[in-house]
Amino acid sequence: MTRPGATDPVVCCDLDGVIWRGDEPIVPAVAGIAELRAAGTRVGFVSNNSSHTIADVVAKLRACGVEAEAADVLTSAVSAARLLADDLDPDARVLACAGPGVTEALAEVGLQPVDRLPAEAVVVGFHRGFDFAELDIASRAVREGARFVSTNLDATYPVADGLMPGSGAITAAVATASGQRPDVAGKPEAPMVALVRERLGTTGIVVGDRPSSDGALADALGWPFALVLSGVTTAVATPGGEAIPEPPPPFVADDLGGLVPELLAALAHST
């Protein structure tokens, strides 16, 4: 098998609801990744979930049976840090109302993640420890003039037993208490579009479970969208979920494994 090159089209996969639900792998998706790679297809992973470090994401992929390297993974935490690094001075204090993924990404671009004021910016992302004290300090910082960045506005994330609140729910709380709207770094916004083009290439297919973010990312990139029904989307939207768009995207299947023949055919046609 010839190893795909950096300029070959990439299948750009979401993680939550595509590769796993919570800590449970979606078995047909894991097999689908192996099948794509066996056919010589390049695969990358782009997630709006900012809570985990890149090393933790790579370890979770490998534990699911999906081989991955750090260069294969992009998260909204990385996108948020890149967005702020373009505007702030080195070592600027940034309040991380988010998980370890954001703290790591901020430090890697030379910014100083902090949990107390003063701060020149605030990054809000999904983390399970969010509480009233964090809401108080994050909204206070924004009211006092700190730049307000959200990793993403996904309302929910799929887990093994249903849905749980996502970054969008936490962002809404800070936005309400501060009276300000955030700049958004993750899918489908411009900072993530630029990061995908820079790190994964200029041609490919986006695979995701959420039309409002994954489908919109595909539109922004000018790539086809492949929707899987293993995450938040169903034929008729459930509370906190989404419905299959009308008209539907070009590829729809129960899971990534079911998409593989169509993806391979589409990629063969594009080269």
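Buried means a relative accessible area under 20%. By that cut-off Leu-88 is buried, because its relative accessible area is 16%. The model is predicted.

Leu-88 sits in the loop between α3 (76-85) and β6. Its contacts, beyond residues up to four places away in sequence, are Val-94, Leu-111, Glu-120 and Ala-121. Leu-135 lies 47 residues from Leu-88 along the chain, and the two C-alpha atoms are 23 Å apart.

Ala-77 belongs to helix α3. Ala-77 has 2% relative accessibility and counts as buried. Setting aside neighbours within four places in sequence, Ala-77 touches Ser-50, Gly-101, Val-102 and Ala-105. From Ala-77 to Ala-98 the separation is 21 residues in sequence and 9.0 Å in space, C-alpha to C-alpha.

## Helix α5

How far apart are the end C-alpha atoms of helix α5? They are 16 Å apart. Helix α5 covers residues 132-143, and its twelve residues at 1.5 Å a residue should span 16 Å, so the two values agree.

The buried residues of α5 are Leu-135, Ala-138, Ser-139, Ala-141 and Val-142. Seen down the axis of α5, these residues fall within an arc of 155°, so they line one face of the helix. In an α-helix there are 3.6 residues a turn, so residues three or four places apart point the same way.

The buried residues of α5 pack against two kinds of element. The strands are β6 (93-97), β8 (121-124) and β9 (147-150). The helix is α6 (167-178). What does the face of α5 turned away from its buried side carry? There stand the exposed residues Phe-132 and Ala-133.

## Helix α8

Helix α8 spans residues 211-221. Its buried residues are Pro-211, Ser-213, Asp-214, Gly-215, Leu-217, Ala-218 and Leu-221. They pack against helix α7 and against the strands β13 (204-208), β14 (225-228), β15 (233-234) and β16 (242-243). Gly-222 follows α8, and its phi is positive, near 80°.

## Cavity and pocket

The structure holds one cavity of 30 Å³ or more. The largest cavity has a volume of about 70 Å³. Its lining is made of 14 residues, and those nearest the centre are Asp-14, Asp-16, Asp-154, Tyr-157 and Asp-209. By class, the lining has two nonpolar, five polar and seven charged residues. Which elements each supply at least two residues of this lining? They are β10 (156-159) and α8. The largest share, three residues, is from β10.

The second largest pocket has a volume of about 310 Å³. It is lined by 21 residues, with Asn-49, Ser-51, His-52, Lys-60 and Phe-126 closest to its centre. Two or more residues of this lining come from each of α2 (54-64) and β10. Here β10 gives three residues, the largest share. The lining divides into nine nonpolar, eight polar and four charged residues.

## Backbone details

Several backbone angles deserve a look.

| Peptide bond | Geometry | Omega |
|---|---|---|
| Leu-117 to Pro-118 | cis | about 5° |
| Lys-187 to Pro-188 | cis | near 0° |

Where do the two prolines lie? Pro-118 is in the loop between β7 (112-114) and β8. Pro-188 is in the loop between β12 (183-184) and α7 (190-200).

Asp-91 is a residue other than glycine with a positive phi, near 70°. Asp-91 is placed in the loop between α3 and β6. Leu-88 has its place in that loop too.

Terms used:
Residues numbered from 1 in each chain as written. Predicted model: local features only at pLDDT ≥ 70, side-chain atom pairs only at ≥ 80, totals over all residues. Heavy atoms only, no water. 1 Å grid on protein atoms, 1.4 Å probe; cavity = no way out; pocket = protein on both sides within 12 Å on 5 of 7 lines; lining within 4 Å. Points joined across faces, edges and corners; volume = space filled by probe spheres on them. Helix = DSSP H or I, 4+ residues; strand = E, 2+ residues; numbered from the N terminus. Nonpolar A, V, L, I, M, F, W, Y, C, P; charged D, E, K, R; others polar. Expected span 1.5 Å × (residues − 1). Buried < 20%, exposed > 50% of the residue type's maximum accessible area, 1.4 Å probe, protein only. Arc of directions from axis to C-beta. Contact = heavy atoms within 4.5 Å.
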